[in-house]
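Please find below a colleague's note on the model under discussion. The points are numbered so that each may be taken up separately.

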Amino acid sequence: MSGRDLFCQPRRIRHGAALTLVFASVLVAGAATGSFGGSDAKQPSTESVVPAGHDDVTEAAERAMADGKSPMEAAERAVSRSGDRWSAVYSQGEYEELEEALDGQYTGVGLSARRESDGRIEVTRVQPGSPAARAGIRKGDLLRGVDGEDVTGRPVTEVVSLLRGDADDAGAGSRVRLRLQRGTHTWSEVLSRARLSTDSVTVRRLARGITLIKVTAFTKGSGDRVRDAVDRAPKGGGIVLDLRGNSGGFVAEAVTAASAFLDGGLVGTYDVDGDQRVLHAEPGGDAARPLVALVDGGTMSAAELLTGALQDRGRAVVVGTRTFGKGSIQMPSRLPDGSVAELTVGHYRTPAGRSVDGRGITPDLEADDGALQRAETVLGGLGDAS
């Protein structure tokens, strides 16, 4: 298991629901952040969406508040009774953090980490320019403690929460003491947390003119960054679109990314309480360049929608392992105490009508270890064929 201090999953939330927000972000938060692009009719509209299933949760919260009890706890009980694995209740602060992360901003020190089989917490990445980078922390260092608490053996989500200072609602400028180890050398660093930008899209050049575009989440602006990367790729060179570990995000951004590879047409369909909607790509994308999409069991939600569109439209060869299988739509409702409840209101389908929820997407070519090398080989064949 791995994590970054950006992606802290609040302890009350069921696994996988945190930060994915997915269609909820498009249907609600997207309108507030401008990710719809104004009144674009091709993007989902919030005005006619009435999540009927939220009535019971809202009523339970209102009754609890009238009785002097916790509306959030009452909502959590109502959500639990629904049996929906993707339903969740967020405190006001937790929900703000999720929206903040999808906007491409977070407060932290710039570390990504994973827990090894022996329980050690290993630094897997240090964000350039971050407080951790300025302190000289490197990939491969071991994180032994945070603010005097031993973190060895603890879930990464808890370690991330400590790094962010969630319990104290720590903001930019607050301090955190880390205990680290490199080889046999151990030392302590005191870092000041900072407001950092996510780098959800990274680009690098591979051999034979191939461009690798890695998208870790569909945060605000990521679709345009994918499109820019395609425009700047060497002419005639193939592209590997790496969606492994992509936890989802704004569907509008995934549709924009699809528009980089499709000359218009259908990206997917979805329903909200039985009302059918469609998602279309913008015309003018590069529909001829050789393309391979890399996926795995961590490819979720909006990333699965994009993968399914490229596969169904015959636009990409999908390489990797079966994707996660989250194709449901959550809709948020504000509760009386400012907390937010989300319940599933519908599901999406690929252009060919395939349901992703609970099934995932099966790649065209199975590959686990060496998946990137397999993708490069496939692109060599596609280039020859063209």
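The points below go from the basis of the note to the overall make-up and then to individual sites.

1. Basis. The model is predicted, and local features are given only at pLDDT of at least 70, side-chain atom pairs only at pLDDT 80 or more, while totals for chains, interfaces and linings use all residues. Residues are numbered from 1 along each chain as its sequence is written, and side-chain values use heavy atoms, with hydrogens and water left out.

2. Overall make-up. The protein contains 10 helices and 20 strands; these are DSSP runs numbered from the N terminus, helices being H or I of at least four residues and strands E of at least two. Of its 386 residues, 53% are buried, where buried means under 20% relative accessible area, exposed over 50% and partly exposed in between, with a 1.4 Å probe and protein chains only. Among contacts with a separation of 6 or more, 69% are made by residues 24 or more positions apart; a contact means heavy atoms within 4.5 Å.

3. The open sheet. An open sheet of mixed pairing is formed by 6 strands in the order S11-S12-S13-S16-S17-S20; two strands pair if DSSP finds at least two bridges between them. S11 (201-205) and S20 (365-366) stand at the edges with a single partner strand each, so one side of each has no neighbour in the sheet. Helix H7 (residues 222-232) packs on this sheet and touches S11, S12 (211-215) and S13 (239-242), its direction making about 15 degrees with that of S11. That angle lies on a scale from 0 to 180 degrees between N-to-C directions, the axes being lines fitted to C-alpha atoms, for helices over the stretch in contact. Within the sheet, S16 and S17 are parallel, with 4 bridges, and Val-295 has Gly-320 in S17 as its bridge partner.

4. Aromatic pairs. How many aromatic pairs does the structure hold? There are 2 aromatic pairs, counted where ring centres of Phe, Tyr and Trp (its six-membered ring) lie within 6.5 Å; planes under 30 degrees apart are stacked, over 60 edge-to-face and the rest tilted. Trp-86 and Phe-324 have ring centres 5.8 Å apart and planes at 65 degrees, so this pair is edge-to-face. Trp-86 belongs to the loop between H3 (71-82) and S2 (88-90), and Phe-324 to the loop between S17 (317-320) and S18 (328-334), so the pair ties together parts 238 residues apart in sequence. Trp-86 is buried at 4% relative accessible area, whereas Phe-324 is partly exposed at 27%. The pair of Tyr-90 and Tyr-95 is also edge-to-face, at 5.6 Å centre to centre and 65 degrees between the planes, and both of these tyrosines are buried.

5. A charge over Trp-86. Lys-326 lies over the face of Trp-86, 4.9 Å from the ring centre. The criterion is NZ of Lys or CZ of Arg within 6 Å of the ring centre and within 35 degrees of the ring normal.

6. Thr-299. This residue sits in the loop between S16 (291-295) and H9 (302-312) and is buried, at 0% relative accessibility. Its side chain reaches the backbone nitrogen of Asp-296 at 3.0 Å. Such a polar contact is a pair of N or O atoms within 3.5 Å; within protein, one must be able to donate a hydrogen and the other to accept it, and residues adjacent in sequence count only if both atoms are side-chain atoms. Leaving aside residues up to four places away in sequence, the residues touched by Thr-299 include Leu-243, Thr-323 and Phe-324.

7. S18 has 6 of its 7 residues buried, so it is largely enclosed by the rest of the structure. It pairs with S19 (residues 340-349) in the antiparallel sense over 7 bridges, and Gln-330 stands opposite Thr-344 in S19. The hairpin has 5 residues between the strands, and Gly-338 has a positive phi near 95 degrees.

8. Ser-259 and Glu-282. Ser-259, in helix H8 (residues 251-259), is buried at 4% relative accessibility. A polar atom of the Ser-259 side chain lies 2.8 Å from the backbone nitrogen of Glu-282.
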